[in-house]
Amino acid sequence: EGAVAEAVASFLTLFSTSTDVLGNLEVEVKEGRGKHIVLEAHMDQIGFVVTAVSEDGFVKISPVGGVDEKLMPASKIVIYGKNPVKAVVCATPPHLLSGEEKASKFDDLWVDTGKADGISVGDHAVFSPSFTVLSGGVVSGVGLDDKAGIAALIVCADRLKELDNDVKVTLLFTTQEEVGERGAA
C-alpha cells in the first residue's frame with residue numbers, strides 16, 4: 001500500500017496531502033465552509049503472507065483477504081522480500097489426489113521461487129500484475145476494482161478544484177479494505 005500511496009500522491013502534488021498511522025492518504029482538494037464531501041477508494045488488494053520458507057526454494061503462503069483456494073494452482077504471484085520475486089503456485093494435480101479431495105487447500109500448496117534468496121516469513125505477496133483487453137473493449141486485470149477507483153478519484157480531483165462553490169472536498173485513499181475495511185473505518 002505504501003508504494004501505491006506514493007504513486008497516487010505523485011499525481012496530486014497540487015493539493016495538500018497527509019497520511020495517518022494506517023497508511024491512508026488524505027487529499028484536501030477543496031477547502032470550503034459548506035458541506036464536507038469525502039470520496040474514498042481503497043489502495044490494497046487481495047494478497048498473501050509468507051508462512052514458511054524451505055531450504056530448496058519453496059514457500060508456504062496464507063491468504064490475506066478473500067482468496068478462493070480453488071484458483072490458486074498455477075497462479076503467478078510476486079513475493080516482496082528483499083527484492084520482488086516472481087513465483088508460481090504449485091499443487092498436486094487433481095488426477096493424483098485421492099478420494100473426494102479434488103481441489104487443493106492452502107495447506108497443500110507450495111510456491112516455487114526457483115530457489116530465490118531474500119524471502120522471509122512475514123513477507124507479503126500479491127497475484128502478478130495482469131491486464132487483458134476482452135471483446136468489445138472490456139478490460140480485466142488483477143486488483144482492477146481498487147485501481148479503477150483510484151484513477152476515478154484522481155480525475156475527480158482535477159475537475160473539482162475548478163468548481164466555484166463553498167463545498168469542502170476530501171479524497172481518501174484507504175488501506176486494509178480487503179481485511180475488514182480498517183482504513184476506511
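Mentor: Helices (H or I, at least four residues) and strands (E, at least two) are DSSP runs, numbered from the N terminus. Read that way, the elements of the protein follow the order α-β-β-β-β-β-β-β-β-β-β-β-α-β from the N terminus on. The radius of gyration, taken over C-alpha atoms, is 20 Å, well over the 16 Å that the globule rule (2.2 Å times the number of residues to the power 0.38) gives for 185 residues, so the protein is more spread out than a compact globule. Its C-alpha trace spans about 65 × 40 × 25 Å along the principal axes.

Before we zoom in, a word on the source. This is a predicted model, in which local features need pLDDT of at least 70 and side-chain atom pairs count only at pLDDT 80 or more, while totals for chains, interfaces and linings use all residues. Residues are numbered from 1 along each chain as its sequence is written, and side-chain values use heavy atoms, with hydrogens and water left out.

Now to our strand, β12, which covers residues 168-174. Six of its seven residues are buried, where buried means under 20% relative accessible area, exposed over 50% and partly exposed in between (1.4 Å probe, protein chains only). For the protein, 31% of the 185 residues count as buried.

Next, the partners. Two strands pair if DSSP finds at least two bridges between them. Strand β2 (residues 25-30) pairs with β12 in the antiparallel sense over five bridges, and L25 has F173 as its bridge partner in β12. Strand β3 (residues 36-42) runs parallel to β12, and seven bridges join these two; here V38 has T170 as its bridge partner.

What lies around L171? Leaving aside neighbours within four places in sequence, L171 is in contact (heavy atoms within 4.5 Å) with L25, E26, V27, V29, L39, L153 and A157.

That brings us to the nonpolar core, a set of buried Ala, Val, Leu, Ile, Met, Phe, Trp, Tyr and Cys residues joined through side-chain atoms within 4.5 Å. The largest one has 17 residues, and L171 and F173 are among those that touch the most other members, together with V8, L12, V27, V29 and I150. Two or more residues come from each of α1 (2-11), β2, α2 (144-160) and β12, with α2 giving the largest share, five residues. Another core, of 16 residues, lies apart from this one and includes I61, A87, F106 and L109.
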